[in-house]
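Please have the viewer open as you read.

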Amino acid sequence: MKKINVLLASLLLAGTSNLANAGVIDTAAGWNGSDNIFPFGESNTGTYGQTFLVNGTDTQLNSWTMYLDDQVNSDFVDFAFYVMDWDSSTSRATGSVLFQSSAVSSTNNGGADGMEEFTFNTGGLNLVSGNDYVAFISASGLYDGLNGTAVVGSRRDETAYADGSFFWQNNGNDKSTWTTQGWSSGSNYGDLAFTANFSAVDVPEPGSLAVLGLGLAGLAFSRRRKQA
């Protein structure tokens, strides 16, 4: 039985797709670590986002990394990370939320340790090549009555990433405005400092599928003989 299981595992590996070289959008590589935009959080500017274009075959978003540093306030910043479709003609998110992280909190509350790195693992979120999306952090829906704001790492450079821009909403605790109201932007804000990691999964070739089918059939036949 062990030999058969090893053979089946080999066939499964041969018949399933292989991860291609991952694609990356990285504006943080040219970031000086000190440029930022503020204030993000409670009580007003509840949402900070970055639009991006999915290109080529690397259409699975695996992770998104960005940077925050608390300002001195009575509270930390409680927020979550989201991905949604983006309508560039109206400058607003559209449709339903494609990904939502668990709520997280900043931790240094104006401390000297500077920017905190936040990485959100999106688990191979399937997106569509040629479509625009917005990845954003929002404190909306998480307000607790205590002011907490942060600066967010930014390139402040329009040439950092040609296929997207920084957008925000002064939407307070109201999530409904993401799709009902236009988001704000400006030429002097450029892009957020972020790293987005993508990958592609190859479609199994017909020959590989046939080999996989033969392997599964052989395993079933072997089990029937053993039970007879």
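This is a predicted model: local features need pLDDT of at least 70, side-chain atom pairs count only at pLDDT 80 or more; totals for chains, interfaces and linings use all residues.

Residues are numbered from 1 along each chain as its sequence is written, and side-chain values use heavy atoms, with hydrogens and water left out.

**Nonpolar cores**

In soluble globular proteins, nonpolar side chains tend to be buried together. A nonpolar core here is a set of buried Ala, Val, Leu, Ile, Met, Phe, Trp, Tyr and Cys residues joined through side-chain atoms within 4.5 Å. Buried means under 20% relative accessible area, exposed over 50%, and partly exposed in between (1.4 Å probe, protein chains only). The largest core has 33 residues, and the members touching the most others are Phe40, Phe52, Leu61, Trp64, Phe79 and Ile137. Strand β4 (residues 60-70) gives the most to this core, with 4 residues. Helices (H or I, at least four residues) and strands (E, at least two) are DSSP runs, numbered from the N terminus. Another core, of 10 residues, lies apart from the largest one; among its members are Tyr82, Trp86, Phe136 and Trp178.

**Aromatic pairs**

Rings of Phe, Tyr and Trp (its six-membered ring) pair if their centres lie within 6.5 Å; planes under 30 degrees apart count as stacked, over 60 as edge-to-face and the rest as tilted. By this rule there are 23 aromatic pairs. Two of them are set out here.

| Pair | Centre distance | Plane angle | Type |
|---|---|---|---|
| Trp31 and Tyr67 | 4.9 Å | 40° | tilted |
| Trp86 and Trp183 | 5.4 Å | 85° | edge-to-face |

Trp31 sits in the loop between β1 (23-26) and β2, and Tyr67 in strand β4, so this pair ties together parts 36 residues apart in sequence. Trp31 is buried at 15% relative accessible area, and Tyr67 is buried at 14%. Trp86 belongs to strand β5 and Trp183 to the loop between α2 (177-180) and β12 (195-199), so their pairing links parts 97 residues apart in sequence. Trp86 is buried at 9%, and Trp183 is buried at 5%.

Most residues other than glycine have a negative phi, and most peptide bonds are trans. The bond from Phe38 to Pro39, however, is cis, with omega near 0°; Pro39 is found in strand β2 (residues 36-42). Ser91, not a glycine, has a positive phi of about 55°, and its place is the loop between β5 (78-87) and β6 (92-100). Arg156, also not a glycine, has a positive phi of about 50°. Arg156 lies in the loop between β10 (148-153) and β11 (166-169), and its relative accessibility of 36% makes it partly exposed.
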